[in-house]
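Please keep the sequence and the model at hand while reading.

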Amino acid sequence: MFGKRTSTAETVPARPTPVAVPVLRGVSDNRRTVPTIIEPAAPQPAEAPRSDEYYVTKSMIFGALIEAIDLSQLARLDAESAREEIRDIVNEIVAIKNIVMSISEQEDLLEDICNDVLGYGPLEPLLARDEIADIMVNGAMQTYIEVGGKLQLTNIRFRDNAQLMNICQRMVSQVGRRVDEASPICDARLTDGSRINVIAPPLAIDGPALTIRKFRKDKLTLDQFIKYGCISPEGGEILKIVGRVRCNVLISGGTGSGKTTLLNCLTQFIDADERVITCEDAAELQLQQPHVVRLETRPPNLEGTGAVTMRDLVRNCLRMRPERIIVGEVRGPEAFDLLQAMNTGHDGSMGTVHANSPREALGRLESMITMGGFQLPIKTIREMLASSIDVIIQTARLRDGSRRITQITEIVGIEGDVITTQDIVVYDILGEDASGRIKGRHRSTGVGKPRFWDRARYFGEDERLARALDAAELKTEA
């Protein structure tokens, strides 16, 4: 009954275990929701590569498993029951074939085969590690991870590019997306919300490139931002007030600087009775409010039609009676519609944009509107920006891998053709310690009454804002 089928056995690769970490039982437990890591964590030591004999044995046992198991029946079981069923059959195969293995080797073999059949194969141990922020697979033989803001090469490998492509297709198919030679680029998400991007041959020359942005299973809060030194306690208090009093906020920063994580934190101060609508390319925001409608873009079908763009979503959500509109990332002509919404009674709307400073963020929005085909004078666009956006929060990933909120800037108005801004809190780099960690401090710029003061007074937060500004100024002087 347990005959070896070579062609079937080759459908699942042999691989080394990359790191010495406990693998949790249950496929759903292994996939974690992991936001961008703020504080570096010590990397875990990698295990020694396994021998070729291990992979030969695994391939033989896997072939026998496919012969013995009824996949249609297995599909009806929940993840834990299916895992236990596979473990029982594999143990029986090992006993029948008189395979000599140590207890630890047999346990590793059982986990490997369960991951290959039920999960994402070699990626499962990495998905289970909470301190990993990103997983970057560059073809079958090279996999990097980001831990504490630093890239590390792992000894994860796939049998070949075909097996890696099968895993990519398994991932994107769970949310109704597809990736193949006809559609070689795909943005999607795992069922737990982790964001994935796949670019396949012929666009990726050295094999499929898979990038997974993971989020921590325990959602970060602004208090944790303060604890990790990303923002001072006084600056954190100002951000809490900004989120509470319905300021229109733009979060600016580079790739991996923590924009989405900070956006998630700010949404925690939205009142529970507000109707919030989110628009994203791949749904990754995790709002805790009870009244949230989540919208996601859709790529074109095989005929090149049926695409739903971010601008389509933003324009449609204006008809859905939103109180706040949150755009995961502003990157195109939807910038115009978001600014229009901010100007027409949807106070407290938020979005993120890729830029290196608040001034550059305004320039990027201006470029997006211009490139979207809107025939508007530059001054009109800038007047719209100045009247729509209240606060720009700048985030950065420093060279030591840490994340910091480097500026809290408010839009003051427009003078002539120039948008005027003023910094409320800025981050000064003072040097580095003996271990190479950057030292710095958040300081107040002395602004005693920001432009959104009247808004804070309307919501009864003016005294709290005054205390936070005074404390920030006193701390700077000290």
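The structure is a predicted model, in which local features need pLDDT of at least 70 and side-chain atom pairs count only at pLDDT 80 or more, while totals for chains, interfaces and linings use all residues. Residues are numbered from 1 along each chain as its sequence is written, and side-chain values use heavy atoms, with hydrogens and water left out.

**The chain**

The secondary structure comes to 17 helices and 15 strands; helices (H or I, at least four residues) and strands (E, at least two) are DSSP runs numbered from the N terminus. Of the 478 residues, 53% count as buried. Buried means under 20% relative accessible area, exposed means over 50%, and partly exposed lies in between (1.4 Å probe, protein chains only). Among contacts with a separation of 6 or more, 63% join residues 24 or more positions apart, a contact being heavy atoms within 4.5 Å.

**Nonpolar cores**

A nonpolar core is a set of buried Ala, Val, Leu, Ile, Met, Phe, Trp, Tyr and Cys residues joined through side-chain atoms within 4.5 Å. The largest one has 36 residues, and F225 and L266 touch the most other members.

**Two helix pairs**

The table gives the packing of two pairs of helices. Axes are lines fitted to C-alpha atoms, for helices over the stretch in contact, and angles run from 0 to 180 degrees between N-to-C directions.

| Helix | Partner | Angle | Axis separation |
|---|---|---|---|
| α5 (residues 79–96) | α6 (residues 103–118) | about 130° | 10 Å |
| α14 (residues 358–371) | α15 (residues 378–388) | about 125° | 10 Å |

The angle makes α5 oblique to α6, and α14 is likewise oblique to α15. Angles under 35 degrees count as roughly parallel, over 145 as roughly antiparallel, 65 to 115 as roughly perpendicular and the rest as oblique. α5 passes α6 in a right-handed crossing, and the crossing of α14 and α15 is right-handed. A crossing is right-handed if the near helix is turned clockwise from the far one by less than a right angle, and left-handed if anticlockwise.

On the α5 side, the contact with α6 includes A79, I86, V90 and V94, and on the α6 side L110, I113, V117 and L118 are among the residues involved. By class, this contact has ten nonpolar, three polar and four charged residues. Ala, Val, Leu, Ile, Met, Phe, Trp, Tyr, Cys and Pro count as nonpolar, Asp, Glu, Lys and Arg as charged, and the others, Gly among them, as polar.

In the second pair, L362, L365, E366, I369 and T370 of α14 meet I378, I381, R382 and L385 of α15. Six residues of that contact are nonpolar, one is polar and two are charged.

**Backbone details**

Most residues other than glycine have a negative phi, and most peptide bonds are trans. The bond from P201 to P202 is cis, with omega near 10°; P202 is in the loop between β5 (195–199) and β6 (209–213).

R246 has a positive phi, near 65°, and sits in the loop between α10 (233–244) and β7 (249–253). R246 counts as buried because its relative accessibility is 16%. R321 also has a positive phi, of about 55°, and is found in the loop between α12 (310–317) and β10 (324–327). At 58% relative accessibility, R321 counts as exposed.
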